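Colleague: I am new to this model. Please pick one part, look at it closely, and then say where it sits in the whole.

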Amino acid sequence: MVLFKASGTGTVVSVEWDFGDGVKLINTTSQEASHTFLKSGDLTVTVTLVGAAGDRVAATATVKVLPSLLEVAIDQTGNPDQPLLRSARVRFAARVVTPFSDHIRAAQTPAGLRYRWTFSDGATSDASAPAHVFEAAGDHDVTLAVTDAQGRVVTAKRVVTVNGDIRPTMIQTNLGGSGASNDGAMSLLGSPDGMARDKDGSVYVLDFANTVIRKVAPNGEVSDFAGASGVPGFLDGTGGEARLGNLAHGLTIDAAGTLYFSDGGALRSVSSGGVVKTFDKAVLVDNDEAELKRNWIVDGLAAAPDGTLYFMDSSRVMKLKDGKVSVLAGSLEHTVARVDGPGAQARFGRMSAMTMRPDGKLVLLDSCYGVRTIDPDGRVGTLIPDADTSKTPNQFNACSQQGRSLAAMADGRVLMLWDSSLRVIEADGSVRTVAFPLGGEHVMAVNATTAWVSNQQRHIIEWVRLDNGSHGTQLGRPSDIGEAVPALAPTVPAYVEPWQSIAIDQNGKVLFTYFGEIHRYDAATKSSQKLAAGSGPAMLDGLPGNAQVVAAVHVATDAAGNLYFTDSYRAIRRMAASDGAIRTLSGSSTGGTADGPGVGARFEQISDMTAAADGTVYVIDKRRRLVRVRPDGETTTLLTLPEEVTTGMAVTPSGQLLVAYQGLLRRLEHDNSLTTIAGELYGTTPQLPLARRLSTSAQPLVSSSGQVYLIDWSAKQRVLRRLEADGSFVDLAQDGPLALALVDGHGPVELSFSFSRAAFMPDGRLMVWAGQPHSWWTLDGLR
């Protein structure tokens, strides 16, 4: 606040103040005024003294107003309050604390900021969003100093804890998955979405899982272009200063090299210099009240050579030109119909993609009514009618969703991803299938003979030859690493992964189900073996080769190594460790809620299962029944849970059943009642301290010594927790990427790690399936 004084001779009847920042005081009688400036810069303050005769005398002064001193905070991947595993790789990002930001108007990072990060292990960085690997156990200080354009320094600090007791060991992994970028074939992509190519041949990829736009230079070098990889938010700025939201998707580029993408209904741009800006919707629609109340569904972005931007919004195609948005074609009427003609009269079905041909005509993929075209004046036509008979008029969600992406080529042809295939729409409107099967979400034309396709499921971008349909990995690592790429991890012949749970047999081998099949993974040989195929016509007991499994789901083992699995969610079956013979222990293919011996019992949609050392099996079904199945098949309902909830179960070495649900960890007593031993019922107020609370999705684990652990959720991260004798929990480690040197001559490679599935081995190690096919780890140091 600044105090101003004015003085003059004669009689002053009124005073007028103009502070140069848009604030004025008129008709005041005070010759003193205090003011807090609303903007910075060299501002001219003017005071006007008005005499009795109406005479006016003015004086001015120039005031240099500096920007308010910044407040900065440190963002990071993962949960800052949870310990890390050793070798954890964490992305840190500077965030300027701003007074206002929402998903319509992003806050703006001031220009000219300089960053200095200091880590307690001696490492430093001048980047706005550096990544750091923590090798040593203990508490690590992370300090950020930000210098603004006026040379003023503000700091922020946080402490990161690394667990020194637990030692992660990679058994086997692949290199697909989320994380920061590396170069060439080792680069990692979380979920590659939209792609765009500039005139110099650089390709930009929006990785929405990592909330970052990556740049792939013509020589194959990959770098982060906009956003802080792995750190979501909604903030404008340059490069790593900016934040992209978890809903960021789509990407297009104009002739000037400006990128455009959608982010949670907001339209955002990135300049060729990496400056991220969010369009102000109020300005775009001239404060039109009806449009401001609508939440735009921005999709299908396409840029014209003259800089005009087009995008789809539900049932309309919008046009952004000269800073204003107008409706080019369609309307807000949600009638599913194919109506060609002038823009306002046209109607669409389900619009899923859009591109612009060199002749200025938009090509739109309508998953209800085929491929449509839109002239620059908004007139809509149909290029290729869809013969899909599954669509039902006037039912918005009844149309096929097989159409995914379009990309125009320089010669006027259009590439189309449709029904697991890449097709080419020729200039005459004929369609040619180039590659099938081919998964993917977005396609981009590279040249007359090559296209790139982003594949979110496999975390890669593939190249595709348009003349012969051949394709392979261009960027990222495939989920199944058996392809001809640098041998940075053991190869695996097939794509299999645990479906529901994992179990360990007496020899330390991992048993799991995959799409109804039963598999066994041997960590020593790093190989999986199929023990039983699913999709059998009926449940049939017998020796291997004769027995049939319809759809195996949950798995558990007893002390002898016998495998128990649920089949079709309605039966409990046992595979003998001695000879592999399968026998139905309880239930059948017929649903119901009956107790009784063996196959006379009935279950309705089994949701969880576990087994004790002696072969007693416990299950919970959709009817909320907690059911015990003895080794002879005798089936008894022990109790009914108060409501249908997500549950987790485990059995201690002494045979006690533990059940986790609704924030509680409970123990089954001899009288079949449940006693709460930790946690509190979800929704209870006031809440217990965090160290005593559980999420509603906690999964208990019990070591061979009887120690209870839980895999729990905390701030969108899985965390491994240990139950203490007083009912509290000790947080041991959270999900997050680990960085390991896998091959001599290569630096550490970031590997995805997650507590997706876990079970204790006989030697006390915790076997973890880390969330990707063939990604297996062990954790030592647990008691």
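Modeller: Outside the four places in sequence on either side of it, S269 is in contact (heavy atoms within 4.5 Å) with T258, L259, Y260, V275, V276, K277 and F279. The model is predicted, so local features need pLDDT of at least 70 and side-chain atom pairs count only at pLDDT 80 or more, while totals for chains, interfaces and linings use all residues. Residues are numbered from 1 along each chain as its sequence is written, and side-chain values use heavy atoms, with hydrogens and water left out.

S269 belongs to strand β23, residues 266-270; a strand here is a DSSP run of E with at least two residues, numbered from the N terminus. S269 counts as buried because its relative accessibility is 11% (buried is under 20% relative accessible area, with a 1.4 Å probe and protein chains only).

For the wider setting, the domain assignment, automatic or from a database, lists domain 1 (2-65), domain 2 (69-163), domain 3 (193-279), domain 4 (495-644) and domain 5 (645-782). Between the C-alpha centres of domain 1 and domain 5 there are 67 Å.

Elsewhere in the chain, an open sheet of four strands runs in the order β54-β55-β56-β57, with antiparallel pairing (two strands pair if DSSP finds at least two bridges between them). Its edge strands, β54 (647-651) and β57 (674-679), each pair on one side only. From one strand to the next the twist averages 25 degrees, with axes fitted to C-alpha atoms and angles between N-to-C directions running from 0 to 180 degrees. Strand β56 (residues 664-668) is joined to β57 by five bridges, and the two run antiparallel. In β57, L674 is the residue opposite L668.

Terms used:
Buried < 20%, exposed > 50% of the residue type's maximum accessible area, 1.4 Å probe, protein only.
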